[in-house]
Amino acid sequence: MEAVSADGTTHPALTYAEQRCAELAAAGASNRDIATAVTVSVKTVEATLTRVYRKLGLHARIQLAHTVAPAPE
């Protein structure tokens, strides 16, 4: 299954964990903050965000903020 972004391009769908990390990162949370929120290690967050960037074809966190809706407060 693929996800379609606002500009019409398709990307592999994100898992729940990837989506949650991406939303928190898009909202401005640090990797440490994300790790605390989802009770995983910082290394796990780094690996998860790396997969997200790869799946979405992104190269920077700022691009993530423009691509993924931030997590609600």
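This is a predicted model: local features need pLDDT of at least 70, side-chain atom pairs count only at pLDDT 80 or more; totals for chains, interfaces and linings use all residues.

**Entry 1: H2 against H3**

The axes of H2 and H3 cross at roughly 105 degrees and come within 8 Å. Angles of 65 to 115 degrees count as roughly perpendicular, so H2 is roughly perpendicular to H3. I then listed who touches whom. H2 brings Asn31, Arg32, Ile34 and Ala35, and H3 brings Val42, Val45, Glu46 and Leu49. Sorted by class, this contact of H2 with H3 has five nonpolar, one polar and two charged residues.

**Entry 2: the whole chain**

I found four helices and two strands in the protein chain. Along the sequence they follow the pattern β-β-α-α-α-α. The protein chain has 73 residues, and 30% of them are buried. I also looked up how far apart in sequence the contacting residues are. Among contacts with a separation of 6 or more, 49% join residues 24 or more positions apart.

**Entry 3: H1 against H3**

Next I turned to H1 and H3. Their axes are 9 Å apart, and the packing angle is about 90 degrees. H1 and H3 are therefore roughly perpendicular to each other. From H1, the contact uses Ala17, Glu18, Cys21, Ala22 and Ala25, and from H3 it uses Thr48, Leu49, Arg51, Val52 and Lys55. I sorted the residues of this contact of H1 with H3 into six nonpolar, one polar and three charged.

**Entry 4: H1 against H2**

How do H1 and H2 pack, and at what angle? I read an angle of about 135 degrees, with the axes 10 Å apart. H1 and H2 are therefore oblique to each other. The crossing of H1 past H2 is right-handed. In H1, Arg20, Cys21, Leu24 and Ala25 meet Ile34, Ala37 and Val38 in H2. By class, I noted six nonpolar, no polar and one charged residues for the contact of H1 with H2.

**Entry 5: what H1 hides**

Which residues of H1 are buried? I noted Glu18, Cys21, Ala22, Glu23, Leu24, Ala25 and Ala26. The cover over the buried residues of H1 includes H2, H3 and H4. After H1 comes glycine 28, and its phi is positive, near 105 degrees.

**Entry 6: the core**

I looked up the largest nonpolar core, which has 17 residues. Ile34, Leu49, Leu56, Leu64 and Val68 touch the most other members. Helix H1 (16-26), helix H2 (31-38) and helix H3 (42-56) are the elements that give two or more residues to this core. I wrote one background note beside this. In soluble globular proteins, nonpolar side chains tend to be buried together.

I then followed isoleucine 34 through its contacts. I set aside its neighbours within four places in sequence. That left isoleucine 34 in contact with Cys21, Leu24, Ala25, Ala29, Val45, Leu49 and Arg61.

**Entry 7: a residue in H4**

My last stop was alanine 65, in helix H4 (residues 61-67).

Terms used: Residues are numbered from 1 along each chain as its sequence is written. Side-chain values use heavy atoms; hydrogens and water are left out. A nonpolar core is a set of buried Ala, Val, Leu, Ile, Met, Phe, Trp, Tyr and Cys residues joined through side-chain atoms within 4.5 Å. Buried means under 20% relative accessible area, exposed over 50%, partly exposed in between (1.4 Å probe, protein chains only). Contact means heavy atoms within 4.5 Å. Axes are lines fitted to C-alpha atoms, for helices over the stretch in contact, and angles run from 0 to 180 degrees between N-to-C directions. Angles under 35 degrees count as roughly parallel, over 145 as roughly antiparallel, 65 to 115 as roughly perpendicular and the rest as oblique. A crossing is left-handed if the near helix is turned anticlockwise from the far one by less than a right angle, and right-handed if clockwise. Ala, Val, Leu, Ile, Met, Phe, Trp, Tyr, Cys and Pro count as nonpolar, Asp, Glu, Lys and Arg as charged, and the others, Gly among them, as polar.
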